[in-house]
Number of protein chains: 2
Amino acid sequence: MGTKEHIMDAAMRLFAEKGFEATTVRDISTLADVNVALINYHFGSKEGLLQTIIETRAKLMQVRIKEISENTQLSEIEKINLIIEHYVEKFFTHHAFHKVIIFELFSSSRESLHQDTLNIFSGNSKIVESIINSGIKKKIFSEVDSAFCFSSMIGPMHHIMHSKTLRIKLFGGDKETDPILEPLFKQRVIKHIQHMMKNHLLAEK
Amino acid sequence: MGTKEHIMDAAMRLFAEKGFEATTVRDISTLADVNVALINYHFGSKEGLLQTIIETRAKLMQVRIKEISENTQLSEIEKINLIIEHYVEKFFTHHAFHKVIIFELFSSSRESLHQDTLNIFSGNSKIVESIINSGIKKKIFSEVDSAFCFSSMIGPMHHIMHSKTLRIKLFGGDKETDPILEPLFKQRVIKHIQHMMKNHLLAEK
DNA sequence: CCTATTATTAAACATTTGTTTAATTTTAAA
DNA sequence: TTTAAAATTAAACAAATGTTTAATAATAGG
């Protein structure tokens, strides 16, 4: 791994753990085991580093969701199930990154970054919304409040994934082992959210 | 309102908007229109101010939820519906506060405060879990994954309430008016989450 | 009215912050 | 091997941070 990627990796972990402001450039350089000045040399500024991190990975996210939504072979409920599966997968593999972007969505200190994350979230939400509206039109789904559905799919995920200590208190046996490491846990999350969405969408009015 | 409450109010708004670290004591003193030194005089430190804010309001939260859970007059589904209603009410009246404590739950910089918020969340989660397990035992509820249910109730709420810009993009007509101000919006949130939980809990297996 | 406690102020404090500089090393192409 | 560009380093920088100090004002009990 090159120096740039090395710095980005260390920074992402620290941003996820402590937040952007609470993380100092010296924290990052220490963890990455490089000189402090390299951060400004490679990324211009601390904020530029965050921007690079987000830009690098964010673009990959939207592609797959669009793919699913535009696949004419799939029924509406199959699309929803696939999107849930895809989101949970990404959450498990890159949960530090997801924590970082939700921080940016919820705070509004850095205007341009906030706009970037806002567009990602609202874009995906609109896609889910239109899938559900299509299902409602076809009378497959009951007349749910489709604008809320994206938040209902990923809100629970955020709640579970972003606090390790809460996760351990709710799901973990002993105090040290994070349930996220158990191979079955991911399937359990997928199953729960899919079950919830299915019964929400297919329920009689 | 006394000076202390005045400072706490200003601080809470800024902490919610920008986060704890990004908010300076001078930001707070300016908004509250008091001298900077008063923050340390009244609260010892910036962190002491946050701690006081959380301690003051957090205790009120748990009381009502315990009340509901221990009321023998209510069925399990009625309890769930009341807890949802109560949570949404609190979210709408004190959403700056809720944003602050979720920040503390998700970050782990300030150990003792993190423990405080962790106990609040896990405590409430365990209460919801036991209500649902009781419903499952009585064969009223299907065998859902009860440990996830609290997160599924309040996760969507967090997602909607903590980003004003996202809320406007998803629900707002024009760019200026926050849907949170529309009197019907609160009812819409309650209805959506209750519908979701009801159909999740009562669904055939 | 006096006085001792409390509240408020302006100024200064030591640290820490992100960033820059200038010198040095490494890299890679000619 | 030579040489110019890129990468890395240690040191210093100015600005901003939370906090403290010492002086002043306000308050309230006797």
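Which residues do ring pairs link into a cluster with F148(B)? The cluster takes in F92(A), F171(A) and F185(A) along with F148(B). This is a predicted model. Chain A has ten helices and zero strands. Over all chains, the structure holds 15 aromatic pairs.

**Chain A overall**

- Ten helices and zero strands make up the secondary structure of chain A.
- The pattern along the sequence reads α-α-α-α-α-α-α-α-α-α.
- Along the principal axes, the C-alpha atoms of chain A fill a box of roughly 60 × 40 × 30 Å.
- Chain A has 205 residues, and 55% of them count as buried.
- Take the contacts in chain A between residues at least 6 apart in sequence: 63% of them join residues at least 24 apart.

**Aromatic pairs**

- The count of aromatic pairs over all chains is 15.
- One of them joins F92(A) and F185(A), with ring centres 6.2 Å apart.
- The ring planes of F92(A) and F185(A) stand at 55°, so this pair is tilted; edge-to-face would need an angle over 60 degrees.
- F92(A) sits in helix α5 (residues 76–93) of chain A, and F185(A) sits in helix α10 (residues 183–202) of chain A.
- The pair therefore ties together parts of chain A that are 93 residues apart in sequence.
- F92(A) has a relative accessible area of 15%, which is under the 20% cut-off, so F92(A) is buried.
- F185(A) is buried too, at 2% relative accessibility.
- In chain B, the rings of F92(B) and F185(B) have centres 6.2 Å apart and planes at 55°, so that pair is tilted.
- F92(B) belongs to helix α5 (residues 76–93) of chain B, and F185(B) to helix α10 (residues 183–202) of chain B.
- The chain B pair therefore ties together parts that are 93 residues apart in sequence.
- F92(B) counts as buried at 15% relative accessibility, and F185(B) is buried with a relative accessible area of 3%.
- Ring pairs also bring F171(A) and F148(B) into a cluster with F92(A) and F185(A).

**Packing of α1 and α6 in chain B**

- Two packed helices are described by the angle between their axes and the distance between the axes.
- In chain B, helix α1 (residues 3–18) packs against helix α6 (residues 95–106) at an angle of about 60°.
- The axes of α1(B) and α6(B) are 8 Å apart.
- The crossing of α1(B) and α6(B) is left-handed.
- On the α1(B) side, the contact uses M12(B), F15(B) and A16(B).
- On the α6(B) side, the contact uses A96(B), F97(B), K99(B), V100(B) and F103(B).
- The contact residues of α1(B) and α6(B) divide into seven nonpolar, no polar and one charged.

**A histidine with contacts in the other chain**

- Where is H192(B) placed? H192(B) is in helix α10 of chain B.
- H192(B) counts as buried, at 5% relative accessibility.
- Leaving aside residues up to four places away in sequence, H192(B) touches D145(A), F148(A), C149(A), S152(A) and H200(A).

**Positive phi in chain A**

- Most residues other than glycine have a negative phi.
- D33(A) has a positive phi of about 60°, although D33(A) is not a glycine.
- D33(A) lies in the loop between α2 (25–32) and α3 (37–43) of chain A.
- Is D33(A) buried or exposed? D33(A) has a relative accessible area of 68%, which is over 50%, so D33(A) is exposed.
- K139(A), also a residue other than glycine, has a positive phi near 60°.
- K139(A) lies in the loop between α7 (111–137) and α8 (146–161) of chain A.
- K139(A) counts as exposed, at 73% relative accessibility.

- D9(A) is part of helix α1 (residues 3–18) of chain A.
- D9(A) has a relative accessible area of 27%, which lies between 20% and 50%, so D9(A) is partly exposed.
- C-alpha to C-alpha, D9(A) and L31(A) are 9.6 Å apart in space.
- In sequence, D9(A) and L31(A) are 22 residues apart.

Key: Residues numbered from 1 in each chain as written. Chains lettered and ligands numbered in written order. Predicted model: local features only at pLDDT ≥ 70, side-chain atom pairs only at ≥ 80, totals over all residues. Heavy atoms only, no water. Axes fitted to C-alpha atoms, helices over the stretch in contact; angles between N-to-C directions. Helix = DSSP H or I, 4+ residues; strand = E, 2+ residues; numbered from the N terminus. Left-handed = near helix turned anticlockwise from the far one by under 90°. Contact = heavy atoms within 4.5 Å. Nonpolar A, V, L, I, M, F, W, Y, C, P; charged D, E, K, R; others polar. Phe/Tyr/Trp six-rings, centres within 6.5 Å; stacked < 30°, edge-to-face > 60°. Buried < 20%, exposed > 50% of the residue type's maximum accessible area, 1.4 Å probe, protein only.
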